[in-house]
Amino acid sequence: MTKPIHVTSEIGKLDVVMLKRPGAEVENFTPEMMPRLLFDDIPYLPIAQQEHDNFAETLRNNGTEVLYLERLATEALDAGGLSVKQAFLDQMLTESGYAAGILHHVLEEYLLSMTTSEMVVKIMAGVRKNELDFVPRDLVSAAEEHDYPFFMDPMPNLYFTRDPAASIGDGLSINHMTFPARQRESLFMETIINYHPRFANQGLHVWRDRDQTTRIEGGDELVLNDTVIAIGVSERTAASAIEDIARKLFEKQSGFEKVLAIRIPHNHAMMHLDTVFTMINHDQFTVHPGILGEGGQIDTWTITEDAEGELQLNHDRDLKRVLKEVLGLSEIDLIPTGGGDPLIADREQWNDGSNTLAIAPGVVVTYNRNYISNQVLRDHGLKVLEVLSSELSRGRGGPRCMSMPLVRQDLK
Ligand SMILES: NC(=O)NCCC[C@H](N)C(=O)O
């Protein structure tokens, strides 16, 4: 029987996916807070929600069951009972800066006075100071944070469900993320896998948990097939975390035998590997030409384990050659975002033109605004399903970032 988490490729038919419908959190902040919250603009919420519903509907119309993070988290907490809800809240408050003290108690009381669903939505949206009839008297609050509007910051990046955790085989990596703005997010997935009746006690693995110090994010983790994973060495994922997860996957006999580390530029536009490179068919990939040097060169390291259990590294700069080798293929089609025009490539990559979600081999979901890259994909024989994107793209993530596959059919 297929497990409730089962992902052995990037392209097998997508049976079950987890999304997060954008809520109050995507507009509950000031322009000043944007850089810290990793946003370049403030989306117009009603339209962002319509666009997201259009995305979910496109997936459903193509045979994918859509689950929502906010609902799964609520159900998991309710299934766990009061002690689990309290422990979750305790951890969330600790990670929000209130390990103890009067504000810990005030916020705990406020949030526990709500239904579980309201509490989850409120934690995601953020807690404004003016919601509580409480004025903190400590020096930090009075002298340094007096004008700051929040007790608990919103989590506007939650609709990028891809990043806090990644499905790998019959398990997850639950990620220690890079920036404080996103670090609390993975607590939801940890709670879901531990307490939600659909996932708890189903023999699922946590290959690497969130209590790690080295950082990794799901946008960098690509399951190329049932034995090979590609991971970006990026702004968000450290080489040390890649070595760590490689060791764990090899030790825990996950079935994965090779980890391909690909070093990409470290900047906001290309924060994860999936913003510049995605797998969309057995032998086809999108690639932002801006990451490749002359002759398609980019640093890659194929990591394997030797007979003594030590990691072995094989360095190569020819991406095509490496992909052919690890996938056992004679040819690879690297499809350039923007069709190779550097201006269009940069513009469409900025709006996630390389960030495609494969829902079956050769069938991809993309943002409609990247019309040139979409045509290039069609010219290469792909079926392209376009979704609305004016507001969603302001968060700097596309269809792959906005989806966490839970079950994909195995490739034949
Ligand atoms: N996989 C992805 O590339 N996710 C997009 C994340 C965008 C979000 N604003 C972030 O900076 O983390």
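Predicted model: local features only at pLDDT ≥ 70, side-chain atom pairs only at ≥ 80, totals over all residues.

Numbering runs from 1 along each chain as its sequence is written, and side-chain values use heavy atoms, without hydrogens and water.

Around the ligand there are 15 residues, where being near means having a heavy atom within 4 Å of it. Asn157, Arg236, His272, Gly395 and Cys401 come nearest. Asn157 places a polar side-chain atom 2.7 Å from a ligand nitrogen atom, and Asp274 has a polar side-chain atom 3.0 Å from a nitrogen atom of the ligand. The protein buries 100% of the 350 Å² that the ligand exposes when taken alone (Shrake-Rupley method, 1.4 Å probe).

Now the largest pocket. A pocket here is an open set of points on a 1 Å grid over the protein atoms alone, where a 1.4 Å probe fits, with protein on both sides within 12 Å along at least five of seven lines. Its lining residues have an atom within 4 Å of a point. The lining has 26 residues, and among those nearest the centre are Tyr98 and Phe151. Where does the largest pocket lie? It lies between domain 1 (14–69 + 157–408) and domain 2 (70–152), because both give residues to its lining; the domain bounds come from an automatic or database assignment.

Definitions and conventions: Polar contact = N/O pair within 3.5 Å; in protein donor to acceptor, adjacent residues only side chain to side chain.
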